[in-house]
Amino acid sequence: METNFNAKLEKDNRINALFDFYGSLLTPKQADYIRQYYADDLSLGEISENFQVSRQAVYDNLRRTEMTLEKYEERMGLYQKFVTRNHLIDELAQTIQTKHPHDQTLNGLIERLEKLEEN
């Protein structure tokens with residue numbers, strides 16, 4: 001059961017991230033459905049009431065929109081580049097802190113990078 005929860009959480013996080021990168025490329029209706037389902041955590045029933053359509057229509061639209069977001073990622077790879085860049089920055093920071101713990105300049109750069117990641 002925990003595995004299903006973790007899989008759903010990973011999917012939700014991925015869709016939210018893809019939406020952050022590619023949401024502006026979606027139609028307003030697609031963006032509204034994704035936002036309400038993933039960011040606002042509304043149920044299919046609640047969204048169907050908001051749009052006066054069936055739950056099945058909401059479900060179908062969500063699945064198509066998820067596929068659209070995944071296709072954008074396949075073509076452009078912005079999210080994967082972002083993830084890879086962040087992993088490399090983390091590795092670099094760990095290496096610097098391990099091999100040059102007293103270097104003020106390098107540690108200052110790490111702090112600036114960490115602040116950038118927070119924003």
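Start with Asp41. It sits in the loop between α2 and α3; helices here are DSSP runs of H or I, at least four residues, and strands are runs of E, at least two, numbered from the N terminus. Asp41 is exposed, at 63% relative accessibility. On the terms: buried is under 20% relative accessible area, exposed is over 50%, and partly exposed is in between, with a 1.4 Å probe and protein chains only.

Now the loop between α3 and α4. Gln52 lies there. Gln52 is not a glycine either, yet has a positive phi of about 55 degrees. Gln52 too is exposed, with a relative accessible area of 69%.

A word on the source. This is a predicted model, so local features need pLDDT of at least 70 and side-chain atom pairs count only at pLDDT 80 or more, while totals for chains, interfaces and linings use all residues. Residues are numbered from 1 along each chain as its sequence is written, and side-chain values use heavy atoms, with hydrogens and water left out.

Next, helix α5, residues 78-99. Its 22 residues should span 32 Å at 1.5 Å a residue; the expected span is 1.5 Å times one less than the number of residues. The end C-alpha atoms are 31 Å apart, which agrees.

Which residues of α5 are buried? Tyr79, Asn86, Ile89, Ala93 and Ile96. They cover an arc of only 115 degrees around the axis, so they fall on the same side of α5. That arc is taken from the directions from the helix axis to the C-beta atoms. An α-helix has 3.6 residues a turn, so residues three or four places apart point the same way.

What covers the buried residues? The cover includes α1 (2-22), α4 (55-76) and α6 (104-118). Contact means heavy atoms within 4.5 Å. On the other side of α5, Lys81, His87, Leu88, Gln94, Thr98 and Lys99 are exposed.

Glu91 is also in α5. Glu91 is partly exposed, at 49% relative accessibility. Between the C-alpha atoms of Glu91 and Glu70 there are 27 Å, for 21 residues along the chain.

On to the core. A nonpolar core is a set of buried Ala, Val, Leu, Ile, Met, Phe, Trp, Tyr and Cys residues joined through side-chain atoms within 4.5 Å. The largest one has 17 residues, and Leu26, Ile34, Val58, Leu62 and Leu69 touch the most other members. Two or more residues come from each of α1, α2 (28-39), α3 (44-51) and α4. α1 gives the most, with five. Take Leu26: leaving aside residues up to four places away in sequence, it touches Phe19, Ala31, Thr65, Thr68, Leu69 and Tyr72.

Last, the rings. Rings of Phe, Tyr and Trp (its six-membered ring) pair if their centres lie within 6.5 Å; planes under 30 degrees apart are stacked, over 60 edge-to-face, the rest tilted. There are six aromatic pairs. Phe21 and Tyr22 have ring centres 6.3 Å apart and planes at 45 degrees, so that pair is tilted. Phe21 is partly exposed at 30%, whereas Tyr22 is buried at 1%. Tyr37 and Tyr38 have centres 5.0 Å apart and planes at 85 degrees, so they are edge-to-face. Tyr38 is buried, at 9%. Finally, ring pairs link Phe21, Tyr22, Tyr72, Tyr79 and Phe82 into a cluster.
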